[in-house]
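Thanks for coming. I have one structure to go through today, so please take a look at it before I start.

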Amino acid sequence: ARSGDNNRLVFTVDIRTIDLVQLVVVPNDGFMLQENNADINDGSSIENGNEKQSSTKKTTPEAFVLSDSKFKKKKKKKNKEKSQPGAKDKGNSWNESLEQLSIEDDSCHLEHVAPDTGKYNLRNLNGRGKVVKQCTSSVLQVDPKFLNAENELRRIFGSKVVNSFEKGHQTGSSRQSRGGRRGSQNHRKTILVCPLEHWPKWDGSLSMELVETRDGISDFRYVHTSSYSQAQKAFESAKAVHDFNGIVNILLHHPYHVDSLITLAEYYKFSGEQQMSADCTARCLYALECAWHPMFTPLMGNCQLKFSCGINKPLFSVLFSHMKNMDRRGCHRSALELCKLLLLLDPDDPMGVLFCIDYYSLRAEEYTWLEQFSEQYKSDNSLWLFPNFSYSLAVCRYYVENDEHAKEIKAEDLKASSADLMKQALMLHPSVLKKLVSKVPLKDKAWTSIIKHNFFSSDQTGTPSLDHLINIYVERSYIIWRLPDLQKFLRDAALSVIETLQNDGTYARDWTCVRKEAFSSEKNEYSHLLVSDFSDSVQTLPPDNLQNFMVDPRGEVPNDAQPANHRLQDLTDRNAIAVLLESMLPWMNYGSGHDQPDHDEQGNEG
């Protein structure tokens with residue numbers, strides 16, 4: 001495709017079989033593909049057509065150069081000729097080409113996106129030498145090997161323990177798949193989850209399309225097939241009347257219907273079956289990943305899905321649930337990588353990942369990364385104003401200072417000590433302390449006198465947004481303050497703050513001004529984030545209420561649930577095999593003698 005007056009040509013080259021290629025654009029004369037092999041020393045070129053090869057030495061600033069050292073190692077002939085005198089001249093011509101393109105010599109045109117992957121990040125060059133900004137060097141770069149929870153469990157517990165657990169889990173899973181086909185399914189390989197053998201084969205009912213590409217970032221959205229759209233309509237109808245059995249019936253015919261799987265996962269969660277809930281969530285995530293567009297590569301940071309597009313919202317909610325499941329399993333590094341992925345998909349952070357990413361990085365002992373993230377994210381260095389980052393960065397610096405491997409770091413290399421950062425956090429958000437004392441709980445006698453001080457006596461700031469964020473932080477991160485060392489660290493900092501305020505009371509007014517300036521809104525700007533979504537505790541329902549179970553988009557159980565007899569299934573004109581399969585599910589209810597009218601109840605009491 002030609003563009004501009006310079007007749008630049010956008011050209012795609014398969015670099016797997018070419019060592020070094022130069023695409024030379026000649027105005028009004030087509031183009032030439034010049035191959036810089038050791039066998040071609042006379043500058044021969046191949047023109048566009050069946051014309052004979054001719055010698056040329058012409059190069060232009062529009063030369064588009066691709067190099068890949070990986071493939072140079074495959075040919076012995078090329079390796080031998082690297083030591084010839086001509087190689088030095090080629091190096092000079094390479095530098096000249098770079099100078100013509102206004103690109104530094106140490107810039108890489110082909111960069112590894114992640115280890116163990118065969119993909120490269122190709123920087124696009126234009127005639128002016130501008131390089132399209134990429135996200136590969138970003139602090140949010142996701143490492144695929146840490147997305148697999150089994151890898152992290154093996155590092156923690158050892159391979160023998162994990163393999164023994166997996167064998168037992170597969171035995172239990174085989175019981176769930178009774179009535180299905182024998183033999184294992186040939187599942188697609190995915191990076192977010194590992195499909196289990198008893199899962200149905202992917203039916204291809206969901207897909208994805210490219211919406212637009214702007215500034216090197218491609219925007220995608222999910223697309224429903226006709227069969228999936230019919231299942232979605234059936235789901236909406238069942239949801240409108242709170243018919244949970246109708247949703248289960250959808251999964252019998254559409255095993256990868258996303259909204260139905262989300263509802264089923266919520267049902268298992270409220271019934272206390274956490275493993276079954278996590279299995280449904282993982283199966284839902286598997287379906288969403290199988291639907292990815294071939295060009296959708298979110299780990300590279302060049303693709304996004306807007307949460308504002310309603311059809312994309314299930315991916316965010318499922319990733320967030322999967323992240324919490326990883327945390328419950330003790331796979332904090334996997335949860336951290338999922339946080340990065342959520343921020344890459346939509347930088348607006350609709351799920352509130354910024355208010356738990358610090359917790360997962362501390363639990364995963366990624367202290368250096370947390371400090372880099374707080375400084376580099378969006379390049380505004382304002383994350384420390386949030387209560388979670390204000391306290392977590394102090395804890396992070398505390399562990400860095402006490403790390404045996406980091407004791408060689410000079411004092412001048414650290415911008416501030418952990419004690420100073422903790423005093424700053426207490427000055428900026430003093431109401432956090434009283435909530436932590438109550439939630440952890442901190443039972444030392446010293447805390448009684450500390451929270452009686454005027455500066456720490458209140459647990460409210462008067463700003464709805466800030467109070468909400470503080471509640472989220474305390475609910476999410478209170479558990480790390482149960483360590484005795486951190487309790488002593490916090491107590492010493494609080495006593496130091498009280499001493500400072502006694503000497504000069506203006507510090508309190510100054511930090512109050514900073515707090516009001518940072519959180520000036522009179523409305524709760526984070527009301528869409530539920531505190532319960534950041535909690536480790538799981539709400540459960542009595543068995544009698546599970547028959548009335550149905551969730552709304554916020555994951556809350558409605559108070560106006562329909563009576564149980566509303567869900568008694570009518571067996572008229574039903575398929576006998578389908579009824580038999582449904583009856584194996586614990587939540588199905590086809591009625592009994594006790595469900596008959598009142599005039600029959602007396603005969604059934606005995």
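First, the ground rules. This is a predicted model, in which local features need pLDDT of at least 70 and side-chain atom pairs count only at pLDDT 80 or more, while totals for chains, interfaces and linings use all residues. Residues are numbered from 1 along each chain as its sequence is written, and side-chain values use heavy atoms, with hydrogens and water left out.

Let me begin with the helices. Helices here are DSSP runs of H or I with at least four residues, strands are runs of E with at least two, and both are numbered from the N terminus. Two packed helices are described by the angle between their axes and the distance between the axes. The axes are lines fitted to C-alpha atoms, for helices over the stretch in contact, and the angles run from 0 to 180 degrees between N-to-C directions.

Helix H9, residues 313-328, packs with helix H7, residues 258-270, at an angle of about 30°, the axes being 11 Å apart. That makes H7 roughly parallel to H9. On the terms: under 35 degrees counts as roughly parallel, over 145 as roughly antiparallel, 65 to 115 as roughly perpendicular, and the rest as oblique. H7 passes H9 in a left-handed crossing, meaning that the near helix is turned anticlockwise from the far one by less than a right angle; clockwise would be right-handed.

Which residues make the contact between H7 and H9? On H7 they are Val-258, Asp-259 and Ile-262, and on H9 they are Pro-314, Ser-317 and Val-318. Contact means heavy atoms within 4.5 Å. By class, this contact has four nonpolar, one polar and one charged residues. For those classes, Ala, Val, Leu, Ile, Met, Phe, Trp, Tyr, Cys and Pro count as nonpolar, Asp, Glu, Lys and Arg as charged, and the others, Gly among them, as polar.

H9 also packs with helix H8, residues 274-290, at an angle of about 140° and with the axes 10 Å apart. H8 and H9 are therefore oblique to each other. H8 passes H9 in a left-handed crossing. The H8 side of the contact is Ala-278, Thr-281, Cys-284, Leu-285 and Leu-288, and the H9 side is Pro-314, Leu-315, Val-318, Leu-319, Ser-321, His-322 and Asn-325. The contact of H8 with H9 has eight nonpolar, four polar and no charged residues.

Now the salt bridges. A salt bridge is a side-chain nitrogen of Lys or Arg within 4 Å of a carboxyl oxygen of Asp or Glu. By this rule the count comes to 12 salt bridges.

One of them joins Glu-150 and Arg-329, with the closest N and O atoms 3.7 Å apart. Glu-150 lies in helix H3, residues 149-157, and Arg-329 in the loop between H9 and helix H10 (332-345), so the pair ties together parts that are 179 residues apart in sequence. Arg-329 counts as partly exposed at 35% relative accessibility; buried is under 20% relative accessible area, exposed is over 50%, and partly exposed is in between, with a 1.4 Å probe and protein chains only.

Another salt bridge pairs Arg-221 with Glu-209, the closest N and O atoms being 2.5 Å apart. Arg-221 is in strand S11, residues 217-224, and Glu-209 in strand S10, residues 206-214, so this pair ties together parts that are 12 residues apart in sequence.

There is also a network of salt bridges linking Arg-333, Glu-337, Lys-340 and Glu-366. Is Glu-337 buried or exposed? At 0% relative accessibility, Glu-337 counts as buried. Glu-337 lies in helix H10. Leaving out residues up to four places away in sequence, Glu-337 touches Gln-141, Val-142, Asp-143, Phe-146 and Leu-147.

Last, some backbone details. A cis peptide bond joins Val-440 and Pro-441, with omega about -10°. Pro-441 lies in the loop between helix H15 (431-439) and helix H16 (445-451).

Asp-349 is not a glycine but has a positive phi of about 55°. Asp-349 sits in the loop between H10 and helix H11 (357-363), and counts as buried at 10% relative accessibility.
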